[in-house]
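Comments on any of them are welcome.

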Amino acid sequence: MENEMQTVARHLGKAPVDLEAIFDDLGIDYREAAIRTGESAWIERIGNRFNVVVNLNEPEVRRRFSAAHELAHYLLHRDLMQVDGDRMNRHEDWLYDAPGQNPEAPFTRQHEIQANRLAAQIVMPAKLIREKFSECQDITQLAADFRVSKLAMEIRLKTLGLAG
């Protein structure tokens, strides 16, 4: 039986990465909903099931990154999400991190950084980015191909040493 990271890796060969297929394969309930309270997305645990909800009111590129960010929390941090005891069973992420919105426990700032890094690796896989970049160096086109923001693509290219 393959582990979760192998399941994700099977989906990283074509742009744009099919996030909904990854959620399906992992057995995570995924949906987009009009959230009016300001959250970008959340992941919640109900028993042994996980749900990810992304704010439909945000642009597609933001929704995709938010979904990948919550997927990263599942892959990296789900052991912190317990339904009993004093640990949480739901974690909300806010686009604009005003004081008190993204609680520090049990996910710390480091957990959020880890989730962002893995999210970038999922929606913009290094091998695929390198292949596409060798064919086209137009950042706007690459961002469109991967359905991410231009800024996200610029950061990923710099991280991979492909742009200055």
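This is a predicted model: local features need pLDDT of at least 70, side-chain atom pairs count only at pLDDT 80 or more; totals for chains, interfaces and linings use all residues.

1. Residues are numbered from 1 along each chain as its sequence is written, and side-chain values use heavy atoms, with hydrogens and water left out.

2. The protein contains 7 helices and 4 strands, where helices (H or I, at least four residues) and strands (E, at least two) are DSSP runs numbered from the N terminus. Read from the N terminus, the order of elements is α-α-β-β-β-α-β-α-α-α-α.

3. Of the 164 residues, 44% count as buried; buried means under 20% relative accessible area, exposed over 50%, and partly exposed in between, with a 1.4 Å probe and protein chains only. Among contacts (heavy atoms within 4.5 Å) between residues at least 6 apart in sequence, 57% join residues at least 24 apart.

4. The largest pocket holds about 410 Å³ of space. Of the 15 residues that line this pocket, F65, A120, M124, A152 and I155 are the closest to its centre, and the elements giving two or more residues to the lining are α3, α4 (109-123) and α7 (150-159). Helix α7 provides the largest share of the lining, 5 residues. On a 1 Å grid over the protein atoms alone, a pocket is an open set of points where a 1.4 Å probe fits, with protein on both sides within 12 Å along at least five of seven lines, and lining residues have an atom within 4 Å of a point. Grid points are joined across faces, edges and corners, and the volume is the space filled by probe spheres set on the points.

5. A120, which belongs to helix α4, counts as buried because its relative accessible area is 15%. Leaving out residues up to four places away in sequence, A120 touches F65, P125 and R156. The C-alpha atoms of A120 and H69 are separated by 8.2 Å, although these residues are 51 residues apart along the chain.

6. H73 sits in helix α3 (residues 60-77) and counts as buried because its relative accessibility is 0%. Which side chain makes a polar contact with the side chain of H73? The partner is E112, at 3.3 Å; a polar contact is a pair of N or O atoms within 3.5 Å, of which, within protein, one must be able to donate a hydrogen and the other to accept it, and residues adjacent in sequence count only if both atoms are side-chain atoms.

7. L142, in helix α6, is buried because its relative accessibility is 1%. Its contacts, leaving aside neighbours within four places in sequence, are K132, F133, C136, Q137, M153 and L157.

8. A cis peptide bond joins A15 and P16, with omega about -10°, and P16 lies in the loop between α1 (4-9) and α2 (19-26). R147, in the loop between α6 (139-146) and α7, has a phi near 55°, a positive value in a residue other than glycine; R147 counts as partly exposed because its relative accessible area is 34%.
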